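Please examine the sequence and the three-dimensional structure displayed here.

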Amino acid sequence: MSRFSVTRSRLGAQELVVLVDADADREVRIARRGATVLSIGACWRDEQRNIADGFRDEQELVGHKGSRFAIMTPFANRVNDSRYTFEGKTYDLQPGAVGADRASRHGFLRGALFDLQREHADDDKASVTLVTHAIRPEANAGYPFALDFSVTFTLGDRGLTVEAKTRNVGEHAAPTFFGWHPYFRLSENPIEGWELHVPADKVIATDKDFIPLPGTRAWQAMDKADRVLDFRKARTIGDAQLNHTYADLQLDPDGKARTHLRDPKSGVGVAVWQEKGVMLVFTADTADRDARKSVALEPMECMPDAFNRDDCAPLVTLAPGQERRFVCGVEFDA
């Protein structure tokens, strides 16, 4: 019998895929709806814990309020006023909407039912690939582009890897980028005592609605930023209220930038890694349930509102027939 396996489960009527590491006593439950991670079970100090603050029941999963563990594409986080301009043409993602209803966040796939394309398990890892063709011109207002998207979750010896692939299957270039929205609840201890380390030399300056400032004003050197935002050396979160995007991430020798979150009292910790892009840290102060009980560490290819930024245009433009890949993951800190 292999160390790793792929099994099935359900959450009400929702189909789940479960990745299991029998030797390390680890388990990751993933819903086909939204390709949404629901739980990450792992063992610390001989005690089993679920460190994912995901959706708890079918009603939460279907409603997807809070975007817990959301797959965010073709855009991550906010699009200012739900409007953007691409290759000289302006688009409206919320035609006819006014006021607070003019909010577009986290892409189009949170409610999509992904198809199971491939699963694999052996002595080294367990993996599942989920695919969707839901992004089509007729499906989403203000986005007349066609993308195929796949995401592969792999549970291995050190943790969980997330590999996203986006292919432009349309006839025109398309704006698109990827992000992931995991929430971590390391313990029931207050997050004020948790330690955070973000290896970033810049933070993105925003307006009151968390839209990055125009041009080079958005890129603020950490040395000139508010000291409460500086986590280049690991320290406790304290009373900091974070909904900030960190940029210019410094890479470890293996080519990965690691953002660390740890509860010193319980000994539970994770490192969220990525090879490029930015990291958005959210202390869940405005969460609809269990505010400030978990911390979201969101690896993204580009900053929020990237569709409206000339400095992001080369990063978000995907030519017809081309494919883009983004890889990130979660390591379990001993």
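This is a predicted model: local features need pLDDT of at least 70, side-chain atom pairs count only at pLDDT 80 or more; totals for chains, interfaces and linings use all residues.

Residues are numbered from 1 along each chain as its sequence is written, and side-chain values use heavy atoms, with hydrogens and water left out.

Strands of a sheet pair through backbone hydrogen bonds, either parallel or antiparallel. Here, 9 strands form an open sheet with antiparallel pairing, in the order E11-E12-E13-E14-E28-E24-E23-E18-E21. Its edge strands, E11 (115-121) and E21 (235-236), each pair on one side only. Helices (H or I, at least four residues) and strands (E, at least two) are DSSP runs numbered from the N terminus, and two strands pair if DSSP finds at least two bridges between them.

The sheet may be followed from E11. This strand pairs with E12 (residues 126-135) in the antiparallel sense over 6 bridges, and the two form a hairpin with 4 residues between them. Within this pairing, Leu-116 stands opposite Leu-130 in E12, and Ala-121 stands opposite Ala-126 in E12. E12 also pairs with E13, again in the antiparallel sense, over 8 bridges; Ile-135 stands opposite Leu-147 in E13. E13 and E14 form a hairpin with 3 residues between them, and Thr-154 has Thr-161 in E14 as its bridge partner.

How many residues of strand E13 are buried? In E13 (residues 147-155), 9 of the 9 residues are buried, so the strand is largely enclosed by the rest of the structure. Buried means under 20% relative accessible area, exposed means over 50%, and partly exposed lies in between (1.4 Å probe, protein chains only). Leu-147, Phe-149, Val-151, Phe-153 and Leu-155 point one way from E13, whereas Asp-148, Ser-150, Thr-152 and Thr-154 point the other way.

In soluble globular proteins, nonpolar side chains tend to be buried together. A nonpolar core is a set of buried Ala, Val, Leu, Ile, Met, Phe, Trp, Tyr and Cys residues joined through side-chain atoms within 4.5 Å. The largest such core has 93 residues, and those with the most contacts inside it are Leu-19, Ile-40, Phe-153, Trp-180, Phe-184, Tyr-246 and Leu-261. Apart from it lies another core, of 6 residues, including Leu-11 and Leu-38. Contact means heavy atoms within 4.5 Å. Leaving aside neighbours within four places in sequence, Phe-153 is in contact with residues including Leu-19, Ile-71, Ala-126, Leu-130 and Thr-161.

Attention now turns to the aromatic rings. The structure holds 16 aromatic pairs. Rings of Phe, Tyr and Trp (its six-membered ring) pair if their centres lie within 6.5 Å; planes under 30 degrees apart count as stacked, over 60 as edge-to-face and the rest as tilted. The rings of Phe-69 and Trp-180 have centres 5.8 Å apart and planes at 70 degrees, so this pair is edge-to-face. Phe-69 lies in the loop between helix H1 (58-63) and strand E6 (70-72) and Trp-180 in strand E16 (residues 179-181), so the pair ties together parts that are 111 residues apart in sequence. Phe-69 is buried at 0% relative accessibility, and Trp-180 is buried with a relative accessible area of 0%. Phe-69 also pairs with Phe-184: the ring centres are 6.1 Å apart and the planes at 75 degrees, so this pair is edge-to-face.

Two residues complete the tour. Glu-301 is found in the loop between strand E26 (295-300) and helix H2 (313-316), and at 13% relative accessibility it counts as buried. A polar atom of the Glu-301 side chain lies 2.8 Å from the backbone nitrogen of Phe-178. Gln-220 has its place in strand E20 (residues 219-221), and at 29% relative accessibility Gln-220 counts as partly exposed.

Key
A polar contact is a pair of N or O atoms within 3.5 Å; within protein, one must be able to donate a hydrogen and the other to accept it, and residues adjacent in sequence count only if both atoms are side-chain atoms.
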